[in-house]
Amino acid sequence: MKSIKEINFAGKKVLLRVDFNVPMDDQKRITDDTRMRESMPTIEKLLADGAAVIIMAHFGRPKKGGFEPELTLEPVAKYLETLVGRPVRFTQQLLGSGVPEQMARDLKGGEVMLLENIRFYPGETKGDEELARQLADLGDCYINDAFGAAHREHSSTAVIARFFPQAKYFGFLMENEVRNLEKLMHDAPRPFTAIIGGSKVSSKIGILENLLDKVDNMIIIGGMRYTFTKALGGRIGNSICEDDKLDLARELMRRMDEKGVCYYLPVDSVIGDKFSNDANTQIVPSGEVPDGWESMDCGPDSCRAIHDIVLASKTILWNGPAGVFELATFAKGTHSIASSVAEACKQGCFAAVGGGDSVAAVKQMGIADQMSYVSTGGGAMLEYLEGKVLPGIKAIQD
Ligand code: ADP
Ligand code: MG
């Protein structure tokens, strides 16, 4: 497959799907522009080539079917002008009115246009082909750079690609995500260690099952490990546990044994007498949490053991914090693992971090840039790790 790096888009009208679903305050000011900046390399490359760039993006979750003033992309269009250093053409009129159609026809090389919130069209989330055709009519080729929406089979993220069988590409951000994910799942140097945590086993079953055949070591941390600890007969006090998943936890451990995957559950826990930063705390063996106490982080012995496993690995996949890292009192385990992974990276290990909260944790610590790869797509990356085919990726690769 060709990278956009190898193509000159001069004179082309390029339809570019991005993820500009940025957080805004109640004054409609963008509070974090990371997602917009992440697609800037693609936009800058197209403008440098002299392409006319027609950008498609969604914002929030429109419900009414049609224009909703609270969810207009107008503030994003304004902000984008400061990033690209040139005017951004924008209209709140929707396709069918003839207004965006005319604007797209008039757009010249080196100019940028942003279409209004693509989810104002009821067909978008249904993957409506007619909408995809209307969009496709605006341009000569299609580039998808919206990894955050790659797990959706929507008109602008997947279906539209059908209209450009010879002219569909990944943007730089997508290309980077796909390259790293494929390395992780199909070409990972051994030993390969997965560190899987978070609050619920139920939300990570698909990932645990898919990784069984791929990894050498599986470290199970976070709130979900107490379901495993209880399944092994441990006392977990008030720690979170999914009682209906105890059999599943036993089954997963049996399958890991069968496949020769070394799994590791933290041996000690930081427990608190309430879910708060000023809780009284103790460190106890993981299966000996007294009644009335809740385990909210892994303890120092576990952190040391995890450090050793991590430093002996050539590939690491980390999803899910070790504890309730949002509370400083219970953030040490997550921070310790993040430091161990960063150290492994310095020694040449390939380490990928994904998941909304896990990425927030490494960013909070200021060490995201020490990881080999931090995924920009929460839900999309998790679905990929479950072994699912992402429609946004498939549509380009087909
Ligand atoms: P990600 O978004 O990275 O996939 P999850 O959403 O699965 O991660 O899990 C993150 C949440 O898990 C965090 O809000 C964290 O507070 C919670 N968590 C971690 N350990 C515990 C624990 N021991 N008890 C309760 N919640 C926990
Ligand atoms: Mg999460």
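## Close-up views of a predicted model

**View 1. Buried residues of helix α3.** In helix α3 (residues 74–84), the buried residues are Pro-75, Val-76, Ala-77, Leu-80, Leu-83 and Val-84. Buried means under 20% relative accessible area, with exposed over 50% and partly exposed in between (1.4 Å probe, protein chains only). Helices (H or I, at least four residues) and strands (E, at least two) are DSSP runs numbered from the N terminus. Among the elements covering the buried residues of α3 are α1 (34–38), α2 (40–49), β2, β3 (88–90) and β4 (112–114). Gly-85, with a positive phi near 65 degrees, follows α3.

This is a predicted model, in which local features need pLDDT of at least 70 and side-chain atom pairs count only at pLDDT 80 or more, while totals for chains, interfaces and linings use all residues. Residues are numbered from 1 along each chain as its sequence is written, chains are lettered from A and ligands numbered from 1 in the order in which they are written, and side-chain values use heavy atoms, with hydrogens and water left out.

**View 2. One side of helix α5.** Leu-131, Ala-132, Leu-135 and Ala-136 are the buried residues of helix α5 (residues 129–136). They lie on the same side of α5 because they cover an arc of only 140 degrees around the axis, the arc being that of the directions from the helix axis to the C-beta atoms. Their cover includes β1 (13–17) and β2 (52–56). At the start of α5, the backbone nitrogen of Leu-131 has a side-chain oxygen of Asp-128 within 2.9 Å.

**View 3. The largest nonpolar core.** A nonpolar core is a set of buried Ala, Val, Leu, Ile, Met, Phe, Trp, Tyr and Cys residues joined through side-chain atoms within 4.5 Å. The largest one has 104 residues, of which Phe-9, Ile-55, Phe-147 and Met-218 touch the most other members. Helix α6 (residues 172–186) contributes the most to this core, with 6 residues. At least three residues of this core come from each of domain 1 (4–176) and domain 2 (188–366), with bounds from an automatic or database domain assignment. A second, separate core of 24 residues includes Ile-219, Ala-322, Val-341 and Val-353.

**View 4. Surroundings of ligand 1.** Lys-204, Asn-319, Glu-326, Asp-357 and Ser-358 come nearest among the 19 residues around ligand 1, counted when a heavy atom lies within 4 Å of it. An oxygen atom of ligand 1 is 2.5 Å from an N or O atom in the side chain of Glu-326. For the side chain of Ser-358, an N or O atom is likewise 2.5 Å from an oxygen atom of ligand 1.

How values were computed: Contact = heavy atoms within 4.5 Å. Polar contact = N/O pair within 3.5 Å; in protein donor to acceptor, adjacent residues only side chain to side chain.
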